[in-house]
Amino acid sequence: MTENTDAPAAAPLTVPGFRRDHAAHPPLDYPPYRSTALRHPTRPLKLLPHMLTEVTGPVFGHDRIGDLDHDLTRQRSGEPQGQRIIVHGRVLDAGGRPVPHSLVEVWQANAGGRYRHVIDNWPCPLDPNFDGAGRTLTDADGRYRFVTVRPGAYPWRNHDNAWRPAHIHFSLFGTSFTQRLVTQMYFPDDPLFGQDPMWNAIPDEAARQRLVARYDHGATEPQWALAFAWDIVLRGPETTPFEQEADDD
């Protein structure tokens with residue numbers, strides 16, 4: 001695996017009173033990821049205090065989660081194409097304690113690498129039985145579980161012959177919409193890691209590896225679905241890297 005070492009290092013943007021781990025999280029402006037040059041903040045950031053309206057609602061409850069929201073393979077009348085997989089894990093805080101009742105959302109491309117989105121029009125067929133989006137709440141032990149299909153790699157126009165590694169986007173909410181973190185889960189041994197600027201924007205190799213799920217044979221269901229385990233750590237030395245604000249791919 002190789003990195004683009006010719007790109008100039010962008011000066012980190014800082015917020016007074018806020019600590020960002022620049023070794024674990026990607027910079028907001030990373031030249032090899034071309035979209036960040038157009039969308040990253042160009043003025044000093046300001047930390048806005050959360051007032052009562054931001055920290056008291058909306059509140060996510062079990063009654064807002066549908067019975068099949070966590071199972072992306074059963075949201076339509078037919079079976080989606082591709083390898084069925086189980087993705088499960090825990091959401092943990094800096095001390096390794098579980099984060100219960102947190103809303104976890106996912107979105108992804110289908111098995112051929114295409115999103116169900118109006119601007120995704122590369123010549124790969126849409127799957128009529130796969131929408132590519134789901135959500136669930138963590139349980140009392142901070143555990144989440146999704147059933148889906150393994151997404152395919154897809155081309156994009158960031159650089160010559162650019163392809164994104166297979167990945168699933170994750171969004172985690174606290175008690176309100178102001179408390180949101182977005183990240184991606186990758187699959188082990190993907191040959192496209194070395195040319196992916198989102199992967200290479202993370203300075204620390206150990207932090208990158210925390211984005212890679214592990215194959216979990218113990219959780220695999222015979223004749224049904226392979227399983228991958230992936231824990232999300234919100235803060236601390238084992239924190240999961242979170243995305244640049246410019247990422248929408």
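## A guided set of close-ups

**Figure 1. The whole chain at a glance.** The chain contains 4 helices and 11 strands. What you are looking at is a predicted model, so please keep that in mind as you go through the views. Of the 249 residues in the chain, 43% are buried. Take the contacts between residues at least 6 apart in sequence: 70% of them join residues at least 24 apart.

**Figure 2. Strand 1 and its two partners.** Let us begin with strand 1, which covers residues 84-92. Which strands does strand 1 pair with, and in what sense? With strand 10 (residues 226-229), the pairing is parallel and has 4 bridges. With strand 4, the pairing is antiparallel and has 7 bridges. You can look for one pair of residues in each case. Isoleucine 86 has alanine 227 of strand 10 as its bridge partner, while arginine 90 stands opposite arginine 143 in strand 4. Strand 4 itself, residues 143-149, is mostly covered, with 5 of its 7 residues buried.

Figure 3. To find the place, look for tyrosine 215, whose bridge partner in strand 10 is phenylalanine 228. Remember that strand 10 also pairs with strand 1, in the parallel sense.

Figure 4. Arginine 84 belongs to strand 1. Is this residue buried or exposed? Its relative accessibility is 16%, and because the cut-off for buried is under 20%, arginine 84 counts as buried. The arginine 84 side chain makes a polar contact of 2.9 Å with the side chain of glutamate 79. Leaving aside residues up to four places away in sequence, arginine 84 touches several others, including Thr73, Val147, Thr148 and Val149. Trp224, Ala225 and Leu226 are also among the residues that arginine 84 touches.

**Figure 5. The largest cavity.** Searching the whole structure turns up 3 cavities of 30 Å³ or more. This view shows the largest cavity, with a volume of about 90 Å³. How many residues line the largest cavity? There are 12, and those nearest its centre are Gln184, Met198, Ile202, Leu211 and Glu243. Sorted by class, the lining has 8 nonpolar, 3 polar and 1 charged residues. Strand 8 (180-186) and helix 3 (197-200) each provide at least two residues of this lining. Strand 8 gives the most, with 3 residues.

**Figure 6. Glutamine 184, beside the largest cavity.** Here is a closer look at one of the lining residues nearest the centre of the largest cavity, glutamine 184. Glutamine 184 sits in strand 8. Why does glutamine 184 count as buried? It does so because its relative accessibility is 3%, and buried means under 20%. Which side chains does the glutamine 184 side chain meet in polar contacts? One is that of arginine 164, at 3.2 Å. Another is that of tyrosine 186, at 3.4 Å.

**Figure 7. Leucine 103 and arginine 180.** Leucine 103 is found in strand 2, which spans residues 103-107. With a relative accessibility of 2%, leucine 103 counts as buried. How many residues apart in sequence are leucine 103 and arginine 180? They are 77 residues apart in sequence, yet their C-alpha atoms are 9.6 Å apart in space.

**Figure 8. Two loop residues with positive phi.** Histidine 101 lies in the loop between strand 1 and strand 2. Its phi is near 55°, a positive value in a residue other than glycine. Asparagine 161 is in the loop between strand 5 (154-156) and strand 6 (162-164). Asparagine 161 is not a glycine either, and its phi is positive, at about 50°.

Definitions and conventions
Residues are numbered from 1 along each chain as its sequence is written. This is a predicted model: local features need pLDDT of at least 70, side-chain atom pairs count only at pLDDT 80 or more; totals for chains, interfaces and linings use all residues. Side-chain values use heavy atoms; hydrogens and water are left out. Two strands pair if DSSP finds at least two bridges between them. Buried means under 20% relative accessible area, exposed over 50%, partly exposed in between (1.4 Å probe, protein chains only). A polar contact is a pair of N or O atoms within 3.5 Å; within protein, one must be able to donate a hydrogen and the other to accept it, and residues adjacent in sequence count only if both atoms are side-chain atoms. Contact means heavy atoms within 4.5 Å. On a 1 Å grid over the protein atoms alone, a cavity is a set of points where a 1.4 Å probe fits but cannot get out, and a pocket is an open set with protein on both sides within 12 Å along at least five of seven lines; lining residues have an atom within 4 Å of a point. Grid points are joined across faces, edges and corners, and a volume is the space filled by probe spheres set on the points. Ala, Val, Leu, Ile, Met, Phe, Trp, Tyr, Cys and Pro count as nonpolar, Asp, Glu, Lys and Arg as charged, and the others, Gly among them, as polar.
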